[in-house]
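User: Could you walk me through this structure, one piece at a time? I am new to reading these models.

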Amino acid sequence: MSAPSWDFSFVYQSLQDPAISHDLQLSQQHLASFANLPADSVESCQQALTLHDNIHNLILSVSNYAACQSSIDATNEQAKALVIKTDVMLSALTQAFSPFESQLSTSDDVFFAAVMSGADDSGSYDRHAFRLSRQRLNRVFRLSVPEEQLLSAMQVDGKNAWGRLYDAITGTAKVTLKLEDGIEEKIGLSQAASLLYGGDRYRREPAWRAIHCAMEEQEITFAAILNALAGNRLTEYQKRSHTQPLHFLAPALEESRVERQTLNAMMNVAEQHKALSRRAAKAMAKMFGTDKLAPWDEMAAMPPQGKAMVANYSFNEAIAIIRRAFHSVNGEMAEFVDMMVEQRLIDAAPQPNKVMGAYCTKIPKTRTPLVFMSFGGSMSDVLTLAHELGHAFHNWVMKDMPLAETDYPMTLAETASIFAENVVRDALLEEAANDQDKLLMLWEEAQTAVALMLNIPVRFEFERAFYEQRQQGELTPMQLRNLMSETWKNWYGDAISEPNDLFWASKLHFSIAEISFYNYPYLFGYLFSTGVYAQRAEKGEAFYEDYKSLLKDTGRMSAEDVATKHLGVNLGKVDFWAQSIAITEKRIMAFEALVNKLMH
């Protein structure tokens, strides 16, 4: 079959489905119940937790459904309106729950323990203990209840509005590819972006330059978005620094559930191995017949050698590859892939108004995972599909757990997705019939190393420097371009032909309203997953159940505690990260050797 589209009949029939109105009306009724509960009693706090769970479940189900519809078609005004409506309701929920959250965050240990000791129809309230305990540790940064409520209320038309603006512009933008012989081709921005991952070398550079041109035309708007988001956050952090300073990295670290020491150890090791990552990029460039990697070739499919054609895969072939690889870990994982396909929980069909990127989400009230991407047929697309199915499997493993214990951070979220990529690559390496087949898989290994050990640190270092400078005032588009160029050159060095000075505009991650520093968790996930994957050979058949156990703990433990329990390592020391990079180095060396063998 061709790349599929979603079937949402398991939850809502359409955006006009009366079930949507029912869920939102029920949520509104429950919201009103908070006003009758005093925040200073154990029983009221317990009732508030139950109310919050039920309301959040319903609103987020509608919200995620509407967001999915908006992703498919960025011009769908009804979907976008529903996203805004649910955003307002989620803000209202946050405001209604704020007095109880404040009480639970600041009360003495006796009161808190009494609340956690109770139970409702969903089980013991201690399902909230991990999340609330972390809030209690950060109570020094809390504002008064009215101030917290005001912040939440302003977010809908503040930060979130800037994020929606970015999505609206990039989702509807058209770009013009200037091809050879003066031919011009007008396509959607997301379609142009997908060309960067494919094997069409004649349209790839024109696509990159067309995207760059589109970003340049909108650079004033995109700079305004970045400045507004960062300024909003910095102002909030300043207000929260009433007792002790709140560094701009601290909220992101808390979101990721990692300590600053862990982040520093990981980034230091990446810094020390820049030369290794550059070697991977230069070996890739050699296959394009150049000394340096061009930015439009960085994520491209491996160029054909000799008379060979660029490898291209149908969606069915991609699913078959992933299914076989997952089955090599355990048959249950293969059955999961079958379920995702049969129930049409994957939307991979390219569309002109489809937003850029790929993601996994879920409908909370049915616990159903959903995968989104634009499948173009390259091996990179196959691995992206595997990556998102890895996320979906993570959600599926947790489907019977309390929802409060399934909210895992990005750092640990990337464990399952990158694990899935590793499984597929290794399976294809084992199936490789000749050096050409092996080279294709090692190409993907090298490309992943470049993306995660060079490009991700560029994003992090750029954003950190941007926030440091933003404290003094707004940055102009040219200042942002210069900052990106400097950071790019620092990490890529002589491995790439030219920096992407407008990457801050073209990369969605910088303009996500809900979270800052949407970058280093990918490097964390890559190296952490490498450590997890190394256990597969050591544990044999016992690995699968241990792996699922690790995934289940990701929503109720810090990253450091998960690593200690399941890997027996200290993430705050460089040893673990260096060991993971040593595994990556072997893959890069194998790639270099095979490139040299086949290119001579």
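This is a predicted model: local features need pLDDT of at least 70, side-chain atom pairs count only at pLDDT 80 or more; totals for chains, interfaces and linings use all residues.

User: Is Phe-466 buried or exposed?

Analyst: Phe-466 is buried, since its relative accessible area is 2%; buried means under 20% relative accessible area, exposed means over 50%, and partly exposed lies in between, using a 1.4 Å probe and protein chains only.

User: And which residues is Phe-466 in contact with?

Analyst: If its neighbours within four places in sequence are left aside, Phe-466 is in contact (heavy atoms within 4.5 Å) with Leu-226, Asn-227, Ala-230, Leu-475, Leu-480 and Leu-483. Ala-230 is 236 residues away from Phe-466 along the chain, and their C-alpha atoms are separated by 8.7 Å.

User: What is the average pLDDT of the protein?

Analyst: The average is 94, and 99% of the residues score at least 70, where pLDDT is the predictor's confidence in each residue, from 0 to 100. Among the elements, helix H8 (residues 189-195) has the lowest mean pLDDT, 87, whereas helix H19 (residues 477-492) has the highest, 98.

User: Let's switch to helix packing. At what angle do H12 and H24 pack?

Analyst: Helix H12 (260-272) and helix H24 (residues 574-599) pack at an angle of about 40 degrees, and their axes are 9 Å apart; axes are lines fitted to C-alpha atoms, for helices over the stretch in contact, and angles run from 0 to 180 degrees between N-to-C directions.

User: Which residues meet there?

Analyst: From H12 there are Thr-262, Ala-265, Met-266, Val-269 and Ala-270, and these meet Val-574, Trp-577, Ala-578 and Ile-581 of H24. Sorted by class, this contact of H12 with H24 has 8 nonpolar residues, 1 polar residue and no charged ones; Ala, Val, Leu, Ile, Met, Phe, Trp, Tyr, Cys and Pro count as nonpolar, Asp, Glu, Lys and Arg as charged, and the others, Gly among them, as polar.

User: Now the strands: how do S3 and S4 pair?

Analyst: Strand S3 (residues 174-178) and strand S4 (residues 184-188) pair in the antiparallel sense over 5 bridges, and two strands count as paired if DSSP finds at least two bridges between them. Val-175 stands opposite Ile-187 in S4, while Lys-178 stands opposite Glu-184. S3 and S4 form a hairpin with 5 residues between them, and Asp-181 in the turn has a positive phi of about 65 degrees.

User: Which residues of S3 are on its covered face?

Analyst: Val-175 and Leu-177 make up the covered face of S3, and Lys-174, Thr-176 and Lys-178 make up the uncovered one.

User: What is the strand order in the open sheet of 3 strands?

Analyst: The order is S5-S7-S6, with mixed pairing. Strand S5 (346-347) and strand S6 (359-363) are at the edges and have a single partner strand each, so one side of each is left without a neighbour in the sheet.

Conventions:
Residues are numbered from 1 along each chain as its sequence is written. Side-chain values use heavy atoms; hydrogens and water are left out. Helices (H or I, at least four residues) and strands (E, at least two) are DSSP runs, numbered from the N terminus.
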